Amino acid sequence: MTYAEAVARLLGLRRGEITGMAPGLERIEGLLAALGHPEARFVLAQVGGTNGKGSTAAMLASMLKAAGRRVGLYTSPHLVSFRERIRVDGAPIGEDAVADGVDALGTLIARFDATMFEAATALALDHFAHEGVEVAVLEVGLGGRGDATTIGRPAVTILTRIDLDHEAWLGSTIASIADAKAAIIRSGTAISSAQHPEAHAIIERRAAEVGVPLLLEGRDLHVTVRAAGLDGQRIDCVGPDFELRDLTLPLLGTHQPSNALAAVAAARVLGVGDDAVRAGLARTRWPGRLSIVRRDPWLVLDGAHNPDGARALATSLRALFGAAPITFVIGVYADKDVRGILDALIPLAARVIFTRAANDRAADPAALAALVSVSTPTTVSRSVAEALSIAASAPSTPIVCVAGSLAVVGEALQHLSGSDKPCPIENGADSMDSFNDEDFRDTS
């Protein structure tokens, strides 16, 4: 089996939330039992929530690596390459390992009627066991209760901010969504970012019911921003047994200090020292989340796939760029709260180019444009590549922001780089040097 065949097989499996498959852990537990329980061979750290899960998981993994731990990181979705989902010490899984791993799963996928995410999770955990990782950081896929990552007995669980998303599967209220997500709290120590009052109450109740100590932002954990700008942020993080001042946080956005605080607290629970926390945080990179990939004009990429994420993006853009005119390139999945996303972003727009990812879940760009007031100039584009070309042509603005889904962001990254290589998650080469000058320029 080739790498391409393996990925096609995985991505061709049904998605449980789309097909209406009943949630539950029976299928993933069956897969893992047949594989010899790879999840039992390393320490588990699980990261749930609505927005910021991936960023938080990446920061925690980087700190663990800086401490000398061999660390696995499992996140979703990928931007450019499936290999981004499964990493050991920051390096993406190799093509041969994907092919061999899917081949090893063989008939197990059919026997247990596994979904794509369940099969990918089993592949990741089996790979981590073969690679001898000491700690695996797992980002929840959807919800928490019944999610394939909710296996084993984690040493630490993190809940980033909970808000409305995936309402068709998790319920239409903050309370119902928090109830599903708080179910990941079951062992070790739980850490929660600042939450809506109803989510806060549910998380506290869940931790008390299962006897898990809970560290809450605002009560036990505190973060202060010293400085923030286009090159990153400087923050102070304080908890029950740590006080870390003037940390370098490379990730942009007004929401990232809270995510960093949760990652720092989890790293401390896992025994990571101050120097490794500082070094690991400073090295973290998380592409596609308020990522600046060009400066003249400014080109910003952000997944912003739900209203809370879109509001965070809008707040961060104003904090970074003031009232400068912005051209948005927006593509959204049809099953998302399209109106809520647009309501957050359109007030900042000098013009909007609606497009779609090459994905059958993508909303029709013309239908999106019809939702916008006639006072906002709009254009409809057939592809992300075409949309970027239009954005770079007159009447151009000093800032272009690609947003609405990680699929659109991923296609933008692949177009700009001309490569399907996995996106790196550690700072090294300047990310803005990774594209050719001809990739994004005024073509008028």
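At roughly what angle do the axes of helix α11 and helix α12 cross? The close-up views below, taken from a predicted model, start with that pair.

**View 1. Helices α11 and α12 cross at roughly 145°.** Helix α11 spans residues 256–269, and helix α12 spans residues 274–283. Their axes come within 10 Å. The crossing of this pair is right-handed. From α11, look for A260, V264, A267 and R268. They meet D274, V277 and L281 in α12. Sorted by class, the residues of this contact are five nonpolar and two charged, with no polar ones.

View 2. Helix α1 covers residues 3–12. Which of its residues are buried? They include Y3 and A6, along with V7 and L10. What do the buried residues of α1 pack against? Their partners are α5, residues 95–105, and α7, residues 116–130.

**View 3. Helices α5 and α7, the partners of α1, also pack with each other.** The axes of α5 and α7 are 10 Å apart. The packing angle is about 115°. The two helices are therefore roughly perpendicular to each other. As α5 passes α7, the crossing is right-handed. On the α5 side of the contact are A97, V98, G101, V102 and L105. On the α7 side are A119, A122, L123 and H127. How many residues of this contact are nonpolar, polar and charged? Seven are nonpolar, two are polar and none is charged.

**View 4. Helices α13 and α14 run roughly parallel.** Helix α13 takes in residues 307–321, and helix α14 takes in residues 338–345. Their axes come within 8 Å. They cross at roughly 10°. Angles under 35 degrees count as roughly parallel, which makes α13 roughly parallel to α14. Where do the two helices meet? In α13, find P307, A310, R311, L313 and A314. In α14, find G340, I341, A344 and L345. By class, the contact of α13 with α14 has seven nonpolar residues, one polar and one charged.

Key
Residues are numbered from 1 along each chain as its sequence is written. This is a predicted model: local features need pLDDT of at least 70, side-chain atom pairs count only at pLDDT 80 or more; totals for chains, interfaces and linings use all residues. Side-chain values use heavy atoms; hydrogens and water are left out. Buried means under 20% relative accessible area, exposed over 50%, partly exposed in between (1.4 Å probe, protein chains only). Helices (H or I, at least four residues) and strands (E, at least two) are DSSP runs, numbered from the N terminus. Contact means heavy atoms within 4.5 Å. Axes are lines fitted to C-alpha atoms, for helices over the stretch in contact, and angles run from 0 to 180 degrees between N-to-C directions. Angles under 35 degrees count as roughly parallel, over 145 as roughly antiparallel, 65 to 115 as roughly perpendicular and the rest as oblique. Ala, Val, Leu, Ile, Met, Phe, Trp, Tyr, Cys and Pro count as nonpolar, Asp, Glu, Lys and Arg as charged, and the others, Gly among them, as polar. A crossing is left-handed if the near helix is turned anticlockwise from the far one by less than a right angle, and right-handed if clockwise.
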